[in-house]
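Hi,

Here is the structure I promised to pass on.

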Amino acid sequence: MSTNAYYADLHIHIGRTEAGEAVKISAANNLTFYNIAQEASERKGIDMIGIIDCHSPGVQREMLHYLETGEMEELEGGGIRFHRTTVLLGCEIEVRDPGLGTAHLLAYLPKLGDMQSFTEWLRKHMKNVQLSSQRIYVTARELQREVIARGGILIPAHIFTPHKSVYGSCSTRMEHLLDLDGIAAVELGLSADTVMAGYISELDRYTFLTNSDAHSLPKIGREYNKLALEAPTFEELRKALSQEDGRRVLANYGLNPRLGKYHRTYCGDCSSILDEQGQTAVERCLYCGSLRIVRGVMDRILSLADREEPRVSPDRPPYCYQVPLEYIPGLGPKTFNRLIERFGSEMNLLHRVSFKELADAAGETIAGYIMEARAGTLRLDTGGGGKYGKVSARQE
């Protein structure tokens, strides 16, 4: 069978339902199921999205409504179709096994009926099943078995971030938490890339994903994947993650880790970002000596590494440093909206529109930044301590 290339962002949060019920407390109120699908289809140009709060009963009521009205359609291969985008039904869950720290796991199920049944199981082990990213009071392996038995796939989320991730806050190895044979892929997170993950041999066997973890509509697609699929469905994604029948991940598009808000260690006393080229895993601030530091992702990986140098298989898809358009200096909302109206979607701007077309529409300076973003050559200031990095403006 022949495959086509599809763009996918598989970690997007719902803020509230259309009825005003809270889902993800820290996410924007206008992040409803419908608004996310519409944004992905009409402005972002993303072929497949994973909404990871679909376990919420309030969200499920909305999905049923749009399926009943015919505005959305459930696909035979799994997922819900809205215009040009397939929505995959996901759930982010917090686990904490005895003797370990907290970690977030992503579970995806094929169809709404599967997710509704999963919600009923979650009710028995969770205090508030309406909300996102809630603690479940069973072991991670029990959760993993339940997801797989229902035909789902399980993916550890943002595996290196300092808060609530497998390596960042839970343990030194994934095998302490999960059955390694029951993991479909791993999500690298905004402050890590393929080379950084190459320091840990336990990860060699897994497909890497790069997703946005969007908490607002503009953040959808700040990281995403290019997949070779026959069609954008749940079952095709499953095959791509296990590299079956020619399905696979073609490329990961992610922030340069220097833009991630937890890339390097940050001092809470003098507000310095400890971005030393020597890449040593620091224990105290290099500038003021304080011990009050937030360990950065790079430093955490180096402390866990079981290799002197990172090893990346030549079979790995390329990791492309993709700077989101909102980071481009001088690209304000009016210009951005004008570009979307003219060229159709963010994916077109990021991948397809020529320099001349961009320069005609927005000027040569902005066009130049966008072309440098494609090439991964923009100069960046490093992020850390919960603050994102930024693109360095040119010195004219």
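This is a predicted model: local features need pLDDT of at least 70, side-chain atom pairs count only at pLDDT 80 or more; totals for chains, interfaces and linings use all residues.

Among the elements covering the buried residues of helix 1 are strand 1 (4-12), strand 2 (48-51), helix 2 (57-69), strand 4 (80-82), strand 5 (85-95) and helix 10 (346-351). Helices (H or I, at least four residues) and strands (E, at least two) are DSSP runs, numbered from the N terminus. The buried residues in question are F33, Y34, I36, A37, E39, A40, S41 and K44, with buried meaning under 20% relative accessible area (1.4 Å probe, protein chains only). Helix 1 runs over residues 33-44, and its end C-alpha atoms are 15 Å apart; that agrees with the 16 Å its 12 residues should span at 1.5 Å a residue (the expected span is 1.5 Å times one less than the number of residues).

Numbering starts from 1 along each chain as its sequence is written, and side-chain values use heavy atoms, without hydrogens and water.

Helix 3 (residues 112-123) has L112, M115, F118, T119, W121 and L122 buried. Those residues pack against helix 2, strand 3 (73-74), strand 5, strand 6 (103-109) and helix 4 (140-149).

F118 also turns up in the largest nonpolar core, which has 102 residues; F118, L143, F160, M174, L203 and I328 touch the most other members. (A nonpolar core is a set of buried Ala, Val, Leu, Ile, Met, Phe, Trp, Tyr and Cys residues joined through side-chain atoms within 4.5 Å.) Apart from that core lies another, of 20 residues, including Y6, Y108, I155 and A185.

Now for the residue I'd look at: E202, in the loop between helix 6 (194-197) and strand 9 (208-209). E202 is buried but has no salt bridge, and the nearest side chain of opposite charge, R173, is 4.8 Å away. A salt bridge here needs a side-chain nitrogen of Lys or Arg within 4 Å of a carboxyl oxygen of Asp or Glu. A polar atom of the E202 side chain does lie 2.7 Å from the backbone nitrogen of M174.

Lastly, A373 sits in helix 12 (residues 364-375) and counts as buried, because its relative accessibility is 2%.

Cheers

Methods. Buried means under 20% relative accessible area, exposed over 50%, partly exposed in between (1.4 Å probe, protein chains only). Contact means heavy atoms within 4.5 Å. Lys and Arg count as positive and Asp and Glu as negative; His and the chain ends are not counted. A polar contact is a pair of N or O atoms within 3.5 Å; within protein, one must be able to donate a hydrogen and the other to accept it, and residues adjacent in sequence count only if both atoms are side-chain atoms.
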